[in-house]
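Here are my notes for a colleague who is meeting this structure for the first time. Please read them with the sequence and the model side by side.

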Amino acid sequence: MATKAQSAEGPAVTGGDGEGEGLRRRDYLKVGAVAFAGVGAVVAIAPLFVQMAPSADVLALSTTEVDISKIQPGSGIKAQWRKQPVFIRNLTPKEIAEADAVPLSELRDPQTLEERTLPGHKNWLITLGVCTHLGCVPLGIGEGENRGKYGGYFCPCHGSQYDTAARIRQGPAPKNLFVPDYTFTTPTTVLIGSKGKK
Amino acid sequence: MVRFIGFLIGLVFAGVLLIAFIGNLASYFSSPPEPLAADEFHLPPKEVHFSSDGPFGTFDKRQLQRGFQVFSEVCSACHSLKLVSFRDLKGLGYNDAEIKKIASDWKVETPTINPDTGEPSTRKSLPSDTIPPPFPNEVAARAANNNALPPDLSLITKAREGGAHYVYSILTGFQNQPAALLKKFPDAKTPPNLHYNPYFANLNIAMPPPLTTDGQVQYQDGTKPTVDQMAKDVAAFLVWTAQPELQRRHDAGLAVTFFLLIATILAYLAKQQIWHEAHRSVRIAGPLEPGNQVKTRRAKSKAGVAG
Amino acid sequence: MSFSWAKPYEPKHPVMRWLDERLPLPRVIYGAIGGGYPVPRNLNYWWNFGVLAGIFLTIQILTGIVLAMHYTASTDGAFNSVNQLIMRDVNAGWLLRYAHMNGASFFFLVVYIHIFRGLYYGSYKAPRELVWMLGLVIYLLMMATAFMGYVLPWGQMSYWGAQVITNFFSAIPVIGEPLRIWVLGGYAPDEAALTRFFSLHYLLPFIIAAVVILHIWALHIPGSGNPTGVDVKDERDTLPFHPYYTAKDGWFAAAFLLFYVIVTYFLPNYLGSPDNYTPANPLATPAEIVPEWYLLPFYAILRSFTADFILPAKLWGVLAMFSSILLLFFLPWIDKSPVRSGTYRPLFKRFFWLLVIDVLVLGWVGGSPVKPLTVAVGQIAAAYYFLHFLVILPLVSRFETPLPLPMSITESVLHGSEAEVAPAPKTQRRAKSATAAAE
């Protein structure tokens with residue numbers, strides 16, 4: 001079953017008139033035909049790989065708009081973005097002060113609260129609700145959930161503890177909870193997954 | 001043995017077919033099939049041209065937008081377009097803001113669950129939603145339409161012989177039942193809840209004429225909204241809903257065809273070159289050498305000719 | 001391989017030598033489709049269709065595997081997964097779907113030409129009977145695969161086609177209905193049928209690939225046939241497969257793929273039925289249930305049996321339809337003429353072309369609405385089909401006078417098949433035995 005990509009059989013089945021003289025003038029036609037076919041084969045195979053990239057319906061859900069008007073200071077909600085949990089928390093001034101008071105040298109993944117929030121919206125902490133250790137969903141976003149020693153989030157799987165800025169303080173997780181791109185489309189709605197219009 | 005049994009089986013099948021054949025023709029001549037009104041009065045789709053016709057077909061985005069307007073203002077009252085998402089309308093030339101508005105303004109809202117009570121509810125549509133159907137299910141659709149089910153229109157131009165031409169013909173083909181038909185087939189009067197349309201397969205369609213007057217829709221681009229124009233525009237739009245990839249497909253097809261044409265020519269020339277050497281290299285040192293030919297002829301005439 | 005002059009595999013590169021000592025796969029390939037497989041030098045373009053069939057099998061498998069990544073095998077998800085997800089949202093999804101859909105049609109077109117080549121040139125005769133029968137097994141597997149594949153989009157034709165074809169089983173007396181229910185996993189095509197058809201549709205092409213390997217292996221024992229039907233006698237009669245037939249197959253494949261690509265990109269729905277773009281509705285039968293074009297001749301044979309005669313008409317139809325393919329297995333023993341090629345069998349040749357016309361007529365009948373006159377034409381055509389293979393061919397092979405054969409392939413190539421043989425008025429019977437002896 002010879003396929004169109006004849007170049008695949010090249011090394012094992014050289015035949016014809018190869019006499020070891022190198023390419024003669026009249027060989028260029030054969031080489032040209034095979035090369036042309038080879039390029040065609042690569043272009044023909046491309047869709048087989050391209051089709052695995054996220055399809056349009058998946059990309060359409062790459063941003064999610066969330067209404068945050070009902071979130072009181074000191075509480076938060078668990079929303080969904082790209083089929084993953086997102087913690088949206090309205091920090092109290094006390095929580096903000098606690099976060100700012102931590103020296104960066106104490107942090108495994110040094111980041112200030114400023115760096116993890118948008119200017120003018122320092123009280124809104126929006127992070128992925130996925131522990132950076134092995135992917136469990138930490139506790140602490142809901143009313144009455146265990147918030148751990150540092151008043152942030154606590155992951156029950158292997159004991160990772162995050163502070164009020166959702167930074168890793170103790171436990172096996174290597175990084176702070178991931179902050180996705182987001183922007184405030186209105187003062188009470190946030191669009192997650194996009195930095196907004198440039 | 002095999003041949004003998006095969007022979008018999010062949011004769012048996014042919015024999016049974018002969019019996020069936022005779023029976024078939026006998027019943028045909030003794031009681032010929034009744035002509036149906038549909039056979040005689042059904043019309044093929046009208047002659048009309050769409051920009052998407054043919055191998056080099058393209059979309060006219062302005063026409064698609066007009067067609068979408070006709071669909072949303074007239075057809076969507078009864079017909080769903082379930083396979084089309086609002087975000088797909090980008091292909092018509094709308095930008096993100098316009099699409100967001102079209103989605104949230106759509107008169108039927110997307111079904112959802114109330115997050116506080118858990119009761120079924122609706123919400124404004126997002127661009128990522130599919131266009132919500134006018135009826136939640138078939139039963140509701142039939143109840144509202146004299147037990148007829150208005151089909152979903154997403155694929156209608158691929159699901160009917162004649163495609164857009166058929167849709168256009170149906171929309172512009174409503175007419176009074178011709179007297180000639182009633183004379184020849186007095187039992188074939190159009191029933192009360194149906195409408196005569198010779199472009200429909202059995203001549204009587206449940207849909208009342210949806211486009212009845214010029215100006216039913218007000219076009220933004222200034223095109224005159226005659227019934228004919230609206231029918232053409234919505235048919236063109238429905239080609240897009242069924243085949244949004246059409247233009248891209250034609251462009252890619254042209255490129256691939258051109259490429260393969262060149263590849264074929266190159267490959268053919270290479271083949272000729274390789275085989276030319278083969279033809280030249282056949283050594284004439286065998287049966288065709290004169291001495292051998294004499295020997296061969298003698299041997300042939302001794303043994304009989306062939307082989 | 002029985003040709004003594006076949007070029008032996010002699011790897012020069014040290015890596016290839018290392019590999020050859022441990023797993024002789026390159027050696028096998030070299031001997032099968034490389035410079036080490038001598039092929040008759042006089043093959044015409046009807047011999048290109050085997051490789052072309054292999055190409056389309058590959059296309060179907062590759063496009064099928066990636067389509068399966070997005071397809072949902074469930075009655076409520078299937079139609080939308082094909083017509084919404086794949087056709088609109090998946091990157092290049094429309095291309096893969098149309099390529100797979102039309103690839104099936106082209107696969108059958110190529111295989112039909114390949115089969116008719118075999119019928120004309122006597123490729124089914126000794127010593128290649130097993131090649132022929134393995135080929136028929138491949139054909140049957142293809143039909144099963146195509147039928148199940150067509151059900152998967154769960155359109156109207158998918159559903160009703162499944163209904164009709166599984167109803168064949170109920171024609172069998174006593175066990176028919178339980179068998180039908182067992183095949184479907186239910187009383188009508190539904191969730192169970194759809195999921196199992198998906199599983200088997202994914203599996204069967206790999207079984208086809210395995211049988212294809214056996215088919216080629218069986219062929220390579222005696223070596224390829226040729227248009228004269230005369231055996232290869234010495235080195236001058238053959239050329240190494242590579243580069244001669246790789247080049248010839250290559251350019252013709254490019255040309256044929258051009259045809260395939262034009263249909264896929266510009267006329268993707270021409271060969272199909274619009275009804276399959278309507279979701280399946282078990283409560284409403286479409287105006288005409290028609291299978292895909294490559295099954296139409298058999299559909300015509302099935303519908304031609306309209307009269308009860310000892311057995312009910314439906315059972316006759318099913319028996320005849322299956323027999324129409326099964327009888328082909330016996331062809332090597334039905335047609336015992338020692339002359340292989342139709343080129344040298346003038347009477348056989350005429351009936352061959354009648355058969356081609358007959359099959360085309362059956363195809364037309366199969367696709368037409370059921371009307372008494374059309375059915376009548378179908379009945380005549382179906383009768384001819386059976387008479388051709390089971391009655392006419394045995395008689396023809398017994399009583400015809402074949403034309404004299406060339407002495408060898410080389411002669412026929414250098415002079416044309418008529419020139420090198422002197423005319424033979426009286427001695428036909430001795431000529432036939434001389435031919436048989438020379439074989």
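1. In chain A, three strands make up an open sheet in the order β2-β3-β4, with antiparallel pairing; strands here are DSSP runs of E of at least two residues, numbered from the N terminus, and two strands pair if DSSP finds at least two bridges between them. Because β2 (76-81) and β4 of chain A stand at the edges with a single partner strand each, one side of each is left without a neighbour in the sheet. From one strand to the next the twist averages 25°, taken between the N-to-C directions of lines fitted to C-alpha atoms, on a scale from 0 to 180 degrees.

2. This is a predicted model, in which local features need pLDDT of at least 70 and side-chain atom pairs count only at pLDDT 80 or more, whereas totals for chains, interfaces and linings use all residues. Residues are numbered from 1 along each chain as its sequence is written, chains are lettered from A and ligands numbered from 1 in the order in which they are written, and side-chain values use heavy atoms, with hydrogens and water left out.

3. Within the sheet, β2(A) and β3 (residues 84-90) of chain A pair in the antiparallel sense over six bridges, and A:Gly76 is found opposite A:Arg89 of β3(A).

4. Over all chains the count is one disulfide, meaning a pair of cysteine sulfur atoms within 2.5 Å. The disulfide joins A:Cys136 and A:Cys157, with their sulfur atoms 2.1 Å apart, and it is left-handed, with -100° about the S-S bond. Since A:Cys136 lies in the loop between β4 (124-128) and β5 (151-154) of chain A, and A:Cys157 in the loop between β5 and β6 (161-163), the pair ties together parts that are 21 residues apart in sequence.

5. A:Cys155 is in no disulfide, the nearest cysteine sulfur being that of A:Cys131 at 3.9 Å. With 2% relative accessibility A:Cys155 counts as buried, where buried means under 20% relative accessible area, exposed over 50% and partly exposed in between (1.4 Å probe, protein chains only).

Definitions and conventions:
Helices (H or I, at least four residues) and strands (E, at least two) are DSSP runs, numbered from the N terminus.
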